[in-house]
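Visitor: Please pick one part of this structure and take me through it closely. I would like to see how it connects to what surrounds it.

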Amino acid sequence: MMSAGGDRLASPFHEEILQSQDAADCMQPMGQTSENVGKDFEISREAQDRFAAESYQRAERAQKEGWFDDEIVPITTKVIDPKSGEERQVTFTKDEGPRWGTTFESLSKVRPAFPDYGDRSTGGNSSQVTDGAAAVLLMKRSTALKMNQPILAKYVGATVVGLSPRIMGIGPSLAIPKLLGKYGLTLQDIDIIELNEAFASMAVYCINALGIDASKMNVRGGAIALGHPLGATGTRQICTGLSECRRQKKRILLTSMCVGTGQGMAGLFVNEAL
């Protein structure tokens, strides 16, 4: 649905489907669902801004230290200057989303982005609207060995859950326990966590609800600082998380995302490039 219509569809579901409240709630804009989470679970504007500031600051440090370098393929393209109309060739080697120097104080001055629904989510503590692409190559181990391909990691498995669409953001708080239970693990067994930051409201909720050690989650910042392009973030999390595992010489990576219309998903990976 989101791939077809983005944040909302021009034509809603059939009226018979909309008789179900959950189906009707699927039509809520993502910003509204964030405000629902903030209000329902008392995630304050301050808590959201403080989390967002940390995301920006972590992304800034990661860029300055060159931590992203091994997961980014330089892209050369042509751009047109919006003021002069001049066309020039540029090579992109880093994400443009992170705004260096972002602080809690600067974020606290940003006006609410969805005033019709609440006053806690802003353009500063919500994921950026960005373009992006990411890719991983997945194959059987036997095939990789036969083709003499380097094995970076093992994909263990994933879980999917459903929940009320109006609070879809908290999906990871349900998907992660299901994944850990499936493989007999606890959060203490996980070295690195990549959890999408669709909005600070949902990220703060998931940290608090699950008792996540914030020092091992989104070490290089998340979607608030980096952007959250549909169809790319899940794979980007894997690339970033495995790169961070290599940097820290850690093994177990857990990734998780909320999904518009009421889902959550989590995945488990083992770094083999120690």
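Guide: Helices here are DSSP runs of H or I with at least four residues, numbered from the N terminus. The model is predicted. Let us take helix 4, residues 45–65.

Start with its length. Helix 4 has 21 residues. The expected span is 1.5 Å times one less than that number, so helix 4 should span 30 Å. Its end C-alpha atoms are 30 Å apart, which agrees. Just after helix 4 comes Gly66, with a positive phi of about 80 degrees.

Now the residue that opens the range. Arg45 lies in helix 4. Is Arg45 buried or exposed? Its relative accessibility is 18%, so it counts as buried, because the cut-off for buried is under 20%. Its side chain makes polar contacts with backbone oxygens. One belongs to Leu107, 3.0 Å from a polar atom of the Arg45 side chain. Another belongs to Val110, which the Arg45 side chain reaches at 2.6 Å. Beyond four places in sequence, Arg45 touches Leu107, Ser108, Lys109 and Val110, and also Asp119, Arg120, Thr122 and Asn125.

Further along is Phe51. The largest nonpolar core has 53 residues, and Phe51, Ile193 and Leu195 touch the most other members. Helix 8, residues 200–210, gives this core its largest share, 7 residues. Which residues does Phe51 contact, leaving aside neighbours within four places in sequence? They are Glu197, Ala200, Ala203, Val204, Ile207, Met217 and Ile224.

The core leads on to the sheet. It is an open sheet of 4 strands, in the order 3-6-5-4, with mixed pairing. Strand 3 (153–162) and strand 4 (192–195) are the edge strands, each pairing on one side only. From one strand to the next, the twist averages 15 degrees. Strand 5 (residues 252–259) pairs with strand 6 (residues 263–271) in the antiparallel sense, over 8 bridges. In that region, Cys258 stands opposite Gly264 of strand 6.

One more helix belongs in this picture. Helix 10, residues 233–248, lies across strand 3, strand 4, strand 5 and strand 6. It runs at about 155 degrees to strand 5.

Back to helix 4, then. Arg45 is buried and reaches the backbone oxygen of Val110. Phe51 is in contact with Ala200, Ala203, Val204 and Ile207, among others.

Definitions and conventions
Residues numbered from 1 in each chain as written. Predicted model: local features only at pLDDT ≥ 70, side-chain atom pairs only at ≥ 80, totals over all residues. Heavy atoms only, no water. Helix = DSSP H or I, 4+ residues; strand = E, 2+ residues; numbered from the N terminus. Pairing = 2+ DSSP bridges. Axes fitted to C-alpha atoms, helices over the stretch in contact; angles between N-to-C directions. Contact = heavy atoms within 4.5 Å. Buried < 20%, exposed > 50% of the residue type's maximum accessible area, 1.4 Å probe, protein only. Polar contact = N/O pair within 3.5 Å; in protein donor to acceptor, adjacent residues only side chain to side chain. Core = buried A, V, L, I, M, F, W, Y, C linked by side-chain atoms within 4.5 Å.
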